[in-house]
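Subject: Structure for you to look at

Hello,

My findings come after it.

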Amino acid sequence: EAMGANMINTTAEYMAPEIERITGGKVGLKILSNLADRRLVRGEVNIPFERLGTEEMEGREVAEGIAAAYRFAYADPHRACTHNKGVMNGIDPVVVATGNDWRAIEAGGPADAAP
């Protein structure tokens, strides 16, 4: 119930007969949309190169690899979709842990798969 979707859907179902009576029409779907393509969030993070380093790679090399992967995804929607799945693998646990509807988040994710 954290998103309020159930409450909105229940309200739409409750109001449908009255709307039909007033308009003389027929109410079809009575459900909230999960498409949230106009509600975008931007984030920024700064991680020092030395924090990215591993035993096999220097931090700067890791950062350059991340930047190259981003450029690849930006240029190719197929790659962007795969990248976004990886992003969702990190988002879903947070959504679930905060009591939100991970299914709604997953449903809306592909709407903006390519930049």
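Below I go from the overall fold to one helix pair and then to the salt bridges.

Please keep in mind that this is a predicted model. The secondary structure comes to 5 helices and 0 strands, and along the sequence the pattern reads α-α-α-α-α. The protein has 115 residues, of which 14% count as buried. Its accessible surface is about 9,400 Å², and carbon and sulfur atoms account for 58% of that. As for contacts between residues at least 6 apart in sequence, 40% of them join residues at least 24 apart.

The helix pair I looked at is helix 3 with helix 4. Two packed helices are described by the angle between their axes and the distance between the axes. Here helix 3 covers residues 59-75 and helix 4 covers residues 77-97, and they pack at about 125° with their axes 5 Å apart. Angles from 65 to 115 degrees count as roughly perpendicular and those over 145 as roughly antiparallel, so helix 3 and helix 4 are oblique to each other. On the helix 3 side, the residues in this contact are A69, Y70, F72, A73 and A75; helix 4 contributes P77, R79, A80 and H83. By type, the residues of this contact divide into 7 nonpolar, 1 polar and 1 charged.

Now to the charged pairs. Side chains of opposite charge can pair when their charged atoms come close. How many salt bridges does a search of the whole structure find? There are 2 salt bridges.

One of them joins R21 and E18, with the closest N and O atoms 2.6 Å apart. R21 and E18 both sit in helix 1 (residues 5-23), and they are 3 residues apart, which means that about one helical turn separates them. R21 is exposed, at a relative accessible area of 60%, whereas E18 is partly exposed, at 38%.

The other salt bridge is formed by R103 with D101, where the closest N and O atoms are 3.0 Å apart. R103 is exposed, with a relative accessible area of 55%. Is D101 buried or partly exposed? With 22% relative accessibility, D101 counts as partly exposed; the cut-off for buried is under 20%.

Best wishes

Terms used: Residues numbered from 1 in each chain as written. Predicted model: local features only at pLDDT ≥ 70, side-chain atom pairs only at ≥ 80, totals over all residues. Heavy atoms only, no water. Axes fitted to C-alpha atoms, helices over the stretch in contact; angles between N-to-C directions. Helix = DSSP H or I, 4+ residues; strand = E, 2+ residues; numbered from the N terminus. Parallel < 35°, antiparallel > 145°, perpendicular 65-115°, else oblique. Contact = heavy atoms within 4.5 Å. Nonpolar A, V, L, I, M, F, W, Y, C, P; charged D, E, K, R; others polar. Buried < 20%, exposed > 50% of the residue type's maximum accessible area, 1.4 Å probe, protein only. Areas by Shrake-Rupley, 256 points an atom, 1.4 Å probe, with all protein chains shown as cover. Salt bridge = Lys/Arg side-chain N within 4 Å of Asp/Glu carboxyl O.
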